[in-house]
Amino acid sequence: MYSEQLNLAMPTTTTSSSSFSSAASSSGNRQADVFSRLASPDPEVKLKALREVKNQIIGNRTKKLSFLKLGAVPAIASALSDSECNSILVQSAAALGSFACGFEAGVQAVLDAGVFPRLLRLLTSSDEKVVDAGARSLRMIFQSNQAPKYDFLQEKNMEFLFSLLNSENENVSGLGASIIAHACGTTVEQQVLCEAGVLEKLVILLDGSLSQREACLESLATVLKNNPEAVSRFVGLEAGRYLSSVTELTKDRYPRTRLLSCLCLVVIYNTSPSYFLNMGTKSSLVTTLLELLNDPGQSGDEAALGLSSLIAEKEDLQKLAYEANAIKNIVDILKTGSELHPKRLQGLFLSLAELCSKLEDCRCSFLSLEMLDLLVNALRHNNADVRTAACICFRNAARSVKVAVLGALSNIVLDFSSPKSTFIEYGGIKQLIELSKSMDPNTRCSALRALRNLMFLADKKRKELFYSEVKAQGFVSLISGKQSPLNHNHMIHLILQLTTKTKTYSSSDPEPTVQEQGLALLRNLVDGCINSIEFVFDEEGLILDTVGRQLRKSPQAQMAIQGMYVLTNVASGTELHKEAVMQQLFPQPQAESNNFMLKFLQSHESQLRSATVWTIINLISPSSPGALDRHVKLREEGIIPQLKNMVNDACLDVKIRIRTVLSQSMSFVPDTLIIPQVKAVRKSLYHYLYHS
Amino acid sequence: MSLFRIFINQDDDDDDMATSKKVITREEWEKKLNAVKLRKQDMNTLVMNFLVTEGYVDAAAKFQTESATKPEIDLATITDRMAVKKAVQNGHVEDAIEKVNDLNPEILDTNPELFFHLQQQRLIELIRQGKTEEALEFAQEELAPRGEENQAFLQELEKTVALLVFEDASNSPVKDLLDISHRLKTASEVNAAILTSQSHEKDPKLPSLLKMLIWAQNQLDEKAVYPHINDLSTGQLQDPPE
């Protein structure tokens with residue numbers, strides 16, 4: 001910008017840069033100057049400085065930070081503590097409140113300055129403005145996670161809290177509600193508060209001013225959360241009048257009021273759904289939250305999380321949301337391209353994940369909207385919660401692929417093997433692999449499941465993509481559990497599906513681990529064709545060795561099942577592959593008779609017995625040259641005799657497989673060595689094969 | 001004097017005007033209007049609501065005395081609010097910010113868009129006064145960080161800074177920013193924010209009622225011919241055109 005008429009002497013860059021840097025330093029000087037005046041003994045000067053700082057920092061995060069660094073907070077705190085002059089109290093409290101407003105570092109500084117008790121004392125001042133200033137600052141502090149813990153169980157504290165709630169001053173009663181909203185955490189605290197009559201006090205605020213209403217709604221949600229007794233107490237107040245009020249407020253003109261009342265209703269619904277028998281209420285709750293998603297501010301962020309919480313595990317509400325066009329609305333928001341707050345992203349992806357968790361229609365809709373790019377980006381997000389949410393979403397939506405592949409439904413639009421999706425997949429697979437190495441167990445597990453689903457009946461190209469990314473060593477770490485010492489109990493409740501056989505997991509089942517996931521993934525990988533199998537032989541058979549080692553270590557049933565299936569799939573390959581499997585089953589030299597196959601065949605788990613028998617079937621399939629030798633070995637090790645004992649296994653699947661083995665065995669037993677047992681088996685086998 | 005206007009029923013074959021509209025004479029219309037009973041209190045409340053929301057403190061106080069109508073909010077708070085509005089309208093934005101912060105420090109701390117617009121107005125005033133260097137400094141120190149914090153502000157910021165580029169800003173594509181109406185727009189925004197923080201509705205009821213009147217007339221036009229109110233400021237009934 002240069003113009004002679006404007007008298008700007010900025011023809012060269014050096015001059016302009018110096019003018020800018022002088023601007024920066026002059027502002028720095030001004031700040032330092034104000035700061036020094038804060039410490040002035042002259043109250044007039046001090047007051048003026050306080051006002052200046054306050055006016056500079058309100059609304060201005062950058063200034064808050066720079067004044068913070070100068071050490072303004074302790075200086076203002078001393079001004080507050082040392083003075084009795086009302087104007088100074090008001091200005092310093094307001095300044096401290098502004099530092100604490102939505103600015104965590106500011107809250108920390110205010111608390112560190114030890115001025116919290118002084119602020120509390122301001123509430124008893126005779127000057128209304130002092131009380132207001134104190135109440136506001138305290139409310140800002142209590143909205144932060146760093147607020148001091150409020151011990152509701154102490155009688156003194158309860159008295160104080162109720163004195164706040166009873167106050168005529170809007171800011172003070174709002175503070176009381178705020179303390180409850182942000183500090184009440186446990187069921188015991190909820191009980192104590194209810195018994196002391198807090199609900200009766202809070203509902204009065206519903207008829208008050210806007211800020212009182214909002215504070216009330218927030219605190220109600222906290223007190224009622226997951227507490228059926230508290231909910232029933234609330235609903236019982238004046239025969240349900242206040243539940244109706246809250247429901248009415250979902251149609252209020254202020255978006256934040258609508259949001260907070262919706263969140264309150266979500267809490268009530270999740271705690272005691274019986275109060276919501278009316279479908280209309282449920283439906284309008286869903287649609288209101290959907291509308292609020294479009295709000296660009298904080299309300300929209302919280303609405304997304306609220307929606308995911310509302311529809312979680314509730315198929316009927318998911319249907320309502322789907323019918324209200326939720327999927328398209330959410331995807332549209334995600335596609336707007338603007339930077340969305342991590343909380344909003346998390347909420348939106350979780351909502352999509354919930355929608356896709358049970359309803360096939362939802363998955364089809366979702367997949368048809370070409371969301372994979374966005375999902376892949378979300379998998380890269382720097383916020384862990386967003387990544388996890390995207391993972392779960394991806395996994396739930398990908399369940400649909402199995403259905404398409406099995407031909408159960410024909411209305412799936414997106415084909416995972418099309419060229420475009422391969423490109424997307426490349427990014428997707430890479431990201432999922434990265435995430436499978438995450439420190440966070442939930443993320444790891446979700447990523448592995450998604451990968452497992454993707455690899456199920458995947459084509460060669462997709463598998464190659466995977467191999468090139470993971471490499472043998474990566475797999476070994478996964479399978480041998482060396483990656484992390486953590487035990488991954490909690491992560492498996494991210495819904496188990498997509499196994500080739502259905503299996504319901506009850507709470508008494510042993511919970512699978514990442515290792516099992518890894519093995520299952522491996523099993524899918526090597527399934528299907530010879531080239532797939534080569535993968536386990538990379539780096540001198542590193543993976544196969546590891547699988548064998550794991551199996552020899554007396555693993556949990558679930559892991560053993562997956563491991564045996566890996567061996568089954570490998571044994572379906574070439575002669576070399578089969579020999580390699582034999583090596584794993586019977587390594588030489590064997591220290592003791594550590595024949596895990598026998599153990600597996602005697603396992604209570606029918607799936608494990610079945611998987612083991614399958615391995616045997618593949619090993620001695622008559623078409624391969626070395627089958628006879630392998631059969632001899634298996635007989636020597638007692639495997640074949642064991643199978644004969646299992647001819648009438650309780651599990652039909654196992655029974656059929658055993659008879660297959662034994663019929664294969666027939667071709668190895670010379671006629672001259674027919675034993676009565678063999679005769680009997682042959683007879684029943686023929687009967688089974690030709691007459692059943 | 002009443003005019004009769006009769007629309008003759010057309011044949012079914014005819015494309016236009018298949019239905020006749022009901023005709024209401026001036027006499028009939030006025031008779032119907034007189035039959036509607038309004039309470040004086042309701043009208044007074046509307047007037048008071050308008051005066052209070054728009055911020056006419058003295059008028060509101062006088063009206064209270066004369067009609068015994070209670071203002072819905074404390075007139076003292078109106079004075080504070082009006083001081084802010086006036087300051088912005090006169091271009092004294094820094095003063096306005098200080099006053100808002102005295103009234104309620106949370107308003108600007110929780111309303112980033114409003115805060116940005118006030119800062120923007122400050123910049124405009126500096127440019128208007130020809131204080132170019134100060135304007136640049138201000139833009140760099142105060143407004144640039146806002147643009148960094150929020151992308152949406154960046155565009156408006158660039159537009160505002162563009163004022164400095166033109167020799168004659170008042171004839172540039174961005175001249176609207178220099179217009180007094182921009183001050184009024186900002187003033188209105190602040191006024192609304194203060195009203196909201198005081199849990200008061202930010203719009204008076206009267207304009208909504210008038211809008212409803214126009215809408216109702218438009219609806220009725222499809223079914224009837226009747227005297228209209230065409231000039232809202234006089235409220236005179238006018239006979240329909242020939």
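## Helix pair in chain B

Helix 7 of chain B and helix 8 of chain B cross in a left-handed manner. In this predicted model, helix 7 (residues 112-128) of chain B packs against helix 8 (residues 132-149) of chain B at an angle of about 170 degrees, and their axes are 9 Å apart. An angle over 145 degrees counts as roughly antiparallel, and the two helices of chain B are therefore roughly antiparallel to each other.

On the side of helix 7 of chain B, the contact residues include Phe115(B), Phe116(B), Leu123(B) and Arg122(B). Helix 8 of chain B contributes, among them, Phe138(B), Leu143(B), Glu142(B) and Arg146(B). By class, this contact has 9 nonpolar, 2 polar and 4 charged residues.

## Helix pair in chain A

Helix 4 (residues 72-82) of chain A and helix 5 (residues 86-100) of chain A pack with their axes 9 Å apart, at an angle of about 150 degrees. That makes helix 4 of chain A roughly antiparallel to helix 5 of chain A. The contact between them has 12 nonpolar, 1 polar and no charged residues.

## Confidence

The predictor assigns the complex an ipTM of 0.75 and a pTM of 0.62. Chain B has an average pLDDT of 86, and 91% of the residues score at least 70.

Over residues 1-18 of chain B, pLDDT stays under 50. Where pLDDT is low, predicted coordinates should not be read in detail.

Technical notes:
Residues numbered from 1 in each chain as written. Chains lettered and ligands numbered in written order. Predicted model: local features only at pLDDT ≥ 70, side-chain atom pairs only at ≥ 80, totals over all residues. Heavy atoms only, no water. Axes fitted to C-alpha atoms, helices over the stretch in contact; angles between N-to-C directions. Helix = DSSP H or I, 4+ residues; strand = E, 2+ residues; numbered from the N terminus. Parallel < 35°, antiparallel > 145°, perpendicular 65-115°, else oblique. Nonpolar A, V, L, I, M, F, W, Y, C, P; charged D, E, K, R; others polar. pLDDT = per-residue confidence, 0-100. Contact = heavy atoms within 4.5 Å. Left-handed = near helix turned anticlockwise from the far one by under 90°.
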